[in-house]
Amino acid sequence: MSIRVYNTITRKKEAFHPIETGKVRMYTCGPTVYDYAHIGNYRTFIFEDLLRRYLEYRGFAVTHAMNLTDVDDNTIRRSRERNISLQALTDEFKTAFHADLKTLNIQPAHHYPEATNYVDAMIQMVSHLEAKGYAYKAEDGSVYFNIEKYNQYGKLAHLNPEEMMRGGRVADDSYEKEGVRDFALWKGYKSEDGDVHWESPWGPGRPGWHIECSVMSTELLGPHFDIHCGGVDNIFPHHENELAQSVCATGSEFVNYWMHSEYLLVDNKKMSKSLNNFYTLRDLLDQGYPAEAIRWMLITTHYRQKLNFSVSRLEEAQKAVNRLREFYSKLQAYEGAGEEHAHDKIQAVETNFIEAMDDDLNISGGLAAIFDLVRWGNKALVEAKLSTVGVTALIDLLHRFDHVLGVLEMESGLQVEIDADFIEAKIAARKEARANKDFATSDAIRDELAAQGIELIDTPEGTHWKLK
Ligand code: AMP
Ligand code: ZN
């Protein structure tokens, strides 16, 4: 039996076959680092973590790239509102993001490309598209992708060609399906962009959001790779546009399996910054909810179902994690020497787990198998039936399952990464900002460190730091 996954482009579950035997290359769209990510964003990142962990459990060697969008409309707007450089703003939230990933026990990607490090390659891809006749420059110095030149446009989001607006164009990174038209690959400089611009064959400007991911994925994983993920809101326009750009620029196929996770909701509405109905991870930790309950809540509803956030779900989640952890502790403390090697049970449970999870990550089925084991094991422990071989085999099985779930041994609080060189460099940058009377930047650096749990103390002899 092979793994089957739901492929957004075909709207079907398909058998998963990687391009290279035994290896999987996956690209997942990461956060826009202009603020803390909210737990809706983490629902998507945890789904991707589950997918990667399960592929690894099934023996694949996975290479995972997740980008950080550190230049786009939102980052530029926020850095200007706060009167700090784009880099000071994005540094603050990149660091916070990495701490959040660690806190949620999300496995680190192998690559975290940051868009601003790939601008030359983006300019090259846009030039290529222009040379091949897929792109044109407009009066404002921006370059647009001509959707009429690519007859497969709309295939991913299943757009109706009749509804596409011919001759129209859109400069914004986000727009609705109802307004399908030519989109910006490169955005000509506008005064709102402040000091954020790069030189290009079309004059000063900056990349559009979609070209960022086409370039970073191709640079790191090659033009044709296995899996591309994101939340369902990424299907259109972001992934539709990425697909068009990549295929037209490289002439290769792009992605074999497109996988998208459904929304985390609050009162039946999408959790989002714009509706101001969001919780950050730190909000929930501050309210006393442990990280493992948050991870469990987000992982245990199937990724293609909407999930309504609620405090009672978090409480239920904590109970489930506790049950699993208690079972694990009891196995570790067990000293009996019965006859039961648990061999048949372990085989049956693992077969059920794999059968469920192979079916497009059917997590409810997977958990049913695990908790069947917990019930059986608890009874065997009470009856002191288990042999030492059996206990060791059960502990090994729990370790294998936990490679997928990642909750047995995670910490409950925010995971702060202490890197003394990094902190000293920030203190030096803050000193320089203060010498230049750039107090917005110096405050941003203080906030960035505070978000990592590091407090700065100014003394007449200089600035020191300590953990809060
Ligand atoms: P952004 O930083 O807005 O680019 O979002 C990062 C990721 O989070 C994207 O893959 C989005 O699709 C995803 N996302 C945003 N809001 C939600 C939500 N309420 N539930 C699940 N995923 C979301
Ligand atoms: Zn992306």
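**Reading the predicted model**

Q: What makes K437 exposed or buried?
A: K437 has a relative accessible area of 64%. Exposed means over 50%, so K437 counts as exposed. This is a predicted model.

Q: Where does K437 lie, and what is its phi?
A: K437 sits in the loop between α13 (420-435) and α14 (439-451). Its phi is positive, about 55 degrees, although K437 is not a glycine.

Q: How do you know whether D360 is buried or exposed?
A: The relative accessible area of D360 is 1%. Buried means under 20%, so D360 is called buried. D360 is found in the loop between α10 (343-358) and α11 (363-382). D360 is not a glycine, yet its phi is positive, about 55 degrees.

Q: Why does the pair C29 and H238 tie together parts that are apart in sequence?
A: C29 lies in the loop between β3 (23-28) and α1 (39-57), and H238 lies in helix α6 (residues 235-250), so the pair joins parts 209 residues apart in sequence. C29 and H238 are buried.

Q: What makes the peptide bond from F236 to P237 cis?
A: Its omega is near 0 degrees. P237 lies in helix α6.

Q: Which domains does the chain have, and how do they meet?
A: The domain assignment gives domain 1 (4-261) and domain 2 (311-467). Their C-alpha centres lie 29 Å apart. In contact are 30 residues of domain 1 and 31 residues of domain 2. The two domains bury about 2500 Å² between them, 57% of it on carbon and sulfur atoms. Y54, Y57 and T103 supply 26% of the area that domain 1 buries against domain 2, more than any other three residues.

Q: Why is the pair K13 and D359 called a salt bridge?
A: Their side chains meet at 2.8 Å, N to O. The cut-off is 4 Å, so the pair counts as a salt bridge. Between domain 1 and domain 2 the count is four salt bridges.

Key
Residues are numbered from 1 along each chain as its sequence is written. Chains are lettered from A and ligands numbered from 1 in the order in which they are written. This is a predicted model: local features need pLDDT of at least 70, side-chain atom pairs count only at pLDDT 80 or more; totals for chains, interfaces and linings use all residues. Side-chain values use heavy atoms; hydrogens and water are left out. Helices (H or I, at least four residues) and strands (E, at least two) are DSSP runs, numbered from the N terminus. Buried means under 20% relative accessible area, exposed over 50%, partly exposed in between (1.4 Å probe, protein chains only). Domain bounds come from an automatic or database domain assignment. Contact means heavy atoms within 4.5 Å. Buried area is the accessible area (1.4 Å probe) that two parts lose on being put together, summed over both.
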